[in-house]
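Here are my notes on the model you sent, as numbered points. Please read them with the coordinates open.

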Amino acid sequence: PDGDAVGGRFRLGDGDWHPIVGIVHDIWATGAANDPAYPQLYMPLDEGDGTMLLLRTDNPTRLAGGIRTVVANVDREIPVLDAQPMATLYRDALARERLIAMLLGVFAVTAATLAAAGLYGVVAHLAVRRTREFGIRISLGAEPGSIFELALRDGLVSVVAGLVVGCGLAWAGLRLLHAELAGLEGARPLAFLAAAALLGAVTLAAMSVPAVRAARIDPAEALRAE
C-alpha cells in the first residue's frame, strides 16, 4: 500500500519467495455473485497442478481442434479437457442466477397482473357505490363534466398516494440489496415509471367507465339505486 508492488517479493506460508512482475485489475474469478475485490494471484505455469489457457479468437469452435493438435505435437500425455467458448462458460456459471431471475420476472408479472385486477375491481366498486351521490349532485345542478372529473380525481389521488409510498419502499429495498449483493446495478427510473404508468392507467380505466355512466345517469334513477 505504500508504493509500487512491481519488483517486490511475496511468499505463501513458508514457501519460496516470488517476484511480483505485474498487477491486474479486479476480475470475477470467484463467481458473479461474489465481490471481485478478492485477494488473488497468478503463478507460473510450472507451479500449478492444472492450467487454464485463454485464447482470443473470432472462431472458438474451429480453434478447439487446432489447440488439441498443437498440444499433442508437444506432448501426447497432456490432456486437453473442456475446450469451450468463454460465452458458454459464462452462461453456465450464471445458470442458477438466470433461472432465479426468470422466476422472479414471472412472479413480478403475476403480481402486477393481480394488483391491476384487484385495483380495477376495488376502484370500480367504490365508484359504483357513489351512484346515489352523483345523482344528488346532478339533481342539484352539477354538470356531467364535473361529475366525471370528481370521480376520476378521487380515484387518482388514492393511487398517487399509494405509488409514492410503494416507490419509497421499493427504493429502500434496492438500497438494502445493494448492501448485500456486489455488482448490482442501480435503480432504473424507467421501471418505476412503468409501474406508475401501469397502475395509473388501470385506475383511469376503472374510474372512467363508472364516471361516464354517472355523468349520463338520470337523477331519479340514481336516487332509487341501492
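1. A contact here means heavy atoms within 4.5 Å.

2. On conventions, the model is predicted, local features need pLDDT of at least 70, side-chain atom pairs count only at pLDDT 80 or more, and totals for chains, interfaces and linings use all residues. Residues are numbered from 1 along each chain as its sequence is written, and side-chain values use heavy atoms, with hydrogens and water left out.

3. L150 is also one of the 10 residues of the largest nonpolar core, the others being V123, A127, F134, I138, I147, A151, L152, A206 and M207. Such a core is a set of buried Ala, Val, Leu, Ile, Met, Phe, Trp, Tyr and Cys residues joined through side-chain atoms within 4.5 Å. Buried means under 20% relative accessible area, exposed over 50%, and partly exposed in between, with a 1.4 Å probe and protein chains only. At least two residues of this core come from each of helix 3 (95-129), helix 4 (131-139), helix 5 (144-180) and helix 6 (189-216). The most, 4 residues, come from helix 5. In soluble globular proteins, nonpolar side chains tend to be buried together.

4. The protein chain has 7 helices and 2 strands, in the order β-β-α-α-α-α-α-α-α from the N terminus. Helices (H or I, at least four residues) and strands (E, at least two) are DSSP runs, numbered from the N terminus. Of the 226 residues of the chain, 15% count as buried. Among contacts with a separation of 6 or more, 52% are between residues 24 or more positions apart.

5. How far apart are the end C-alpha atoms of helix 3? They are 51 Å apart, which agrees with the 51 Å that its 35 residues should span at 1.5 Å a residue; the expected span is 1.5 Å times one less than the number of residues. In helix 3, A116, V123, A124 and A127 are buried.

6. L99, I100, M102, L103, L104, V106 and F107 make a nonpolar surface patch of about 670 Å². Patches are made of residues with over 30% relative accessible area and no salt bridge, with like charges joined within 9 Å and nonpolar side chains (Val, Leu, Ile, Met, Phe, Trp, Tyr) within 5 Å. L103 lies in helix 3 and is partly exposed, at 39% relative accessibility. For the chain, the accessible surface is about 17,300 Å², with 63% belonging to carbon and sulfur atoms; areas come from the Shrake-Rupley method with a 1.4 Å probe, and for residues only the protein chains shown count as cover.

7. How many salt bridges does the structure hold? There are 2 salt bridges, each a side-chain nitrogen of Lys or Arg within 4 Å of a carboxyl oxygen of Asp or Glu. One joins R91 and D92, with the closest N and O atoms 3.8 Å apart; R91 is partly exposed at 43%, and D92 is partly exposed at 44%. In the other, R96 and E97 meet at 3.4 Å, N to O; R96 is exposed at 55%, whereas E97 is partly exposed at 27%.

8. L53 sits in the loop between strand 2 (18-19) and helix 1 (60-74), and counts as exposed at 62% relative accessibility.
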